[in-house]
Amino acid sequence: MLVPDLLGAGLGLLADPAPPEIITPPQYSIAWVILAVLCVLVIITLIVSTLKITRAIEKRIAYRRRPDDVEALKAEFLRAVNDIADRYEDGQLGAGTGTTSSPG
């Protein structure tokens, strides 16, 4: 089998020789920068909205667990009664008069 002579007289070169100047690589498009900024904005928006939604849910749960008016009134009276009992045991109140006992 004969191998053709590619550099022979009749055919010439297959490729052009390299140009003498250096060609710089193509630069990135501005679209990549815009896409990166948009991705960062989307991520920040997702984080902020997730925090707001979860805090709102926690706040609703906290208000749901709050005592109603009757329970709050009972708790306030119990605190007042316990305060009076503590003051009586410390000797600050007299027995039955409701006045402060005199030291002595």
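Me: Why is Arg-87 called partly exposed?

Reply: In this predicted model, Arg-87 has a relative accessible area of 32%. Buried requires under 20% and exposed requires over 50%. The value of 32% lies in between, so Arg-87 is classed as partly exposed.

Me: What makes the pair Arg-87 and Asp-83 a salt bridge?

Reply: The N to O distance between the side chains of Arg-87 and Asp-83 is 3.8 Å. The criterion is a Lys or Arg side-chain nitrogen within 4 Å of an Asp or Glu carboxyl oxygen.

Me: How are Arg-87 and Asp-83 placed along helix H2?

Reply: The two residues are four residues apart in helix H2, which means a separation of about one helical turn. Helix H2 covers residues 69–89.

Me: Why is Asp-83 described as partly exposed?

Reply: Asp-83 has 39% relative accessibility. Because that value falls between the limits of 20% and 50%, Asp-83 is partly exposed.

Me: Which residues does Arg-87 contact, leaving aside its neighbours within four places in sequence?

Reply: With those neighbours left aside, Arg-87 is in contact with Gln-92 and Leu-93.

Me: How do you know that Glu-76 and Arg-79 form a salt bridge?

Reply: Their side chains meet at 3.0 Å, N to O. This distance is within 4 Å, so the pair meets the criterion. Glu-76 and Arg-79 are three residues apart in helix H2, and about one helical turn therefore separates them. Glu-76 is partly exposed, because its relative accessible area of 45% lies between 20% and 50%. By this rule, the count comes to two salt bridges.

Me: How do you know that the span of H2 agrees with its number of residues?

Reply: The 21 residues of H2 should span 30 Å at 1.5 Å a residue. The C-alpha atoms at the ends of H2 are 30 Å apart, so the two values agree. Just after H2, Gly-91 takes a positive phi of about 85°.

Me: What makes Val-33 partly exposed, and which patch includes Val-33?

Reply: The relative accessible area of Val-33 is 48%; exposed requires over 50%, so Val-33 remains partly exposed. Val-33 is found in helix H1, residues 30–65. Together with Ile-30, Ile-34, Val-37, Leu-38 and Leu-41, Val-33 forms a nonpolar surface patch with about 560 Å² of accessible area.

Me: How many helices and strands does the chain have, and what part of the chain is buried?

Reply: The secondary structure comes to two helices and zero strands. Buried residues make up 3% of the 104 residues. The chain exposes about 10,300 Å², of which carbon and sulfur atoms supply 66%.

Terms used. Residues numbered from 1 in each chain as written. Predicted model: local features only at pLDDT ≥ 70, side-chain atom pairs only at ≥ 80, totals over all residues. Heavy atoms only, no water. Contact = heavy atoms within 4.5 Å. Patch = residues over 30% accessible without salt bridge, like charges linked within 9 Å, V, L, I, M, F, W, Y side chains within 5 Å. Areas by Shrake-Rupley, 256 points an atom, 1.4 Å probe, with all protein chains shown as cover. Buried < 20%, exposed > 50% of the residue type's maximum accessible area, 1.4 Å probe, protein only. Expected span 1.5 Å × (residues − 1).
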